[in-house]
2 protein chains.
Amino acid sequence: MNGIKQPELMVDEDRLLIKKALEVVCGKWRLFILLHLAEKTRRYSELRRLLPDVSEKVLIQELKALVVLGVLEKESFNEVPPRVEYRLSERGKAVMPLLLQIKEIGRHFV
Amino acid sequence: MNGIKQPELMVDEDRLLIKKALEVVCGKWRLFILLHLAEKTRRYSELRRLLPDVSEKVLIQELKALVVLGVLEKESFNEVPPRVEYRLSERGKAVMPLLLQIKEIGRHFV
């Protein structure tokens, strides 16, 4: 092949990018969690307070998924009581402008 | 109130916009369906062919949801066999640039 993407290949690459984007964005609370971390690092307890509608189990699960995806970083401090903080990774910061734009889609349909 | 949004109110309005945006974008196949309609109107049978991994039941259900949301328009032609076409609504066209950008989020995490 001479470097020009065949439509099918391009579609496959698109499909992969879209699936990965949907992993970051979708799920009832992921975007809310990320937007609460847009400005600053936050403690787990702060996120719990900012997201009262989210159960502890779901919040922990979604934070873990976002860390595994590479969007967030988690830091644990060996203190009493133990302290855990979450922040955007470099890649998370890089996509934040795109994440903030997703809200604008909603403006057309309320 | 003097027109300046209180933080809580802004957060509520953001919450509503984000929820509505996630309705448009999320779901395993919605973004794929919309991107296949980005360039032109397509028949239902074409969408079936372009999305082989989607069951008939799910495709019909997702198309219906996108019509109800106001992102797509459906047109039925009284022919034999019957012909059904889908296209982006004006609001769907308006958000397509934002939808296309969502794919770029994925580029940071593959």
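A hairpin of 5 residues links β2(A) to β3(A). Strands here are DSSP runs of E with at least two residues, helices are runs of H or I with at least four, and both are numbered from the N terminus. The model is predicted: local features need pLDDT of at least 70 and side-chain atom pairs count only at pLDDT 80 or more, while totals for chains, interfaces and linings use all residues. Residues are numbered from 1 along each chain as its sequence is written, chains are lettered from A in the order in which they are written, and side-chain values use heavy atoms, with hydrogens and water left out.

**Sheet in chain A**

The strands of chain A form an open sheet of 3 in the order β1-β3-β2, paired antiparallel. β1 (42-43) and β2 stand at the edges with a single partner strand each, so one side of each has no neighbour in the sheet. Two strands count as paired if DSSP finds at least two bridges between them. β1(A) and β3(A) are joined by 2 bridges, and β2(A) and β3(A) by 6 bridges. Glu85(A) in β3(A) is the bridge partner of Arg43(A) and also of Glu75(A).

| Cis peptide bond | Omega |
|---|---|
| Val80(A) to Pro81(A) | about 0° |
| Val80(B) to Pro81(B) | near -5° |

**Core and cavity**

The largest nonpolar core has 63 residues, and those with the most contacts inside it are Leu99(A), Ile105(A), Leu99(B) and Ile105(B). Such a core is a set of buried Ala, Val, Leu, Ile, Met, Phe, Trp, Tyr and Cys residues joined through side-chain atoms within 4.5 Å, where buried means under 20% relative accessible area (1.4 Å probe, protein chains only). Leaving out residues up to four places away in sequence, Leu99(B) touches Ile105(A), Val24(B), Val25(B), Leu31(B) and Leu34(B); contact means heavy atoms within 4.5 Å.

The whole structure has 1 cavity of 30 Å³ or more. A cavity is a set of points, on a 1 Å grid over the protein atoms alone, where a 1.4 Å probe fits but cannot get out, and lining residues have an atom within 4 Å of a point. The largest cavity holds about 40 Å³ of space. Its lining includes Ile105(A) and Ile105(B), and α5 (90-107) of chain A and α5 (90-107) of chain B each supply at least two lining residues. The lining has 6 nonpolar, 2 polar and no charged residues.

Note on methods:
Buried means under 20% relative accessible area, exposed over 50%, partly exposed in between (1.4 Å probe, protein chains only). On a 1 Å grid over the protein atoms alone, a cavity is a set of points where a 1.4 Å probe fits but cannot get out, and a pocket is an open set with protein on both sides within 12 Å along at least five of seven lines; lining residues have an atom within 4 Å of a point. Grid points are joined across faces, edges and corners, and a volume is the space filled by probe spheres set on the points. Ala, Val, Leu, Ile, Met, Phe, Trp, Tyr, Cys and Pro count as nonpolar, Asp, Glu, Lys and Arg as charged, and the others, Gly among them, as polar.
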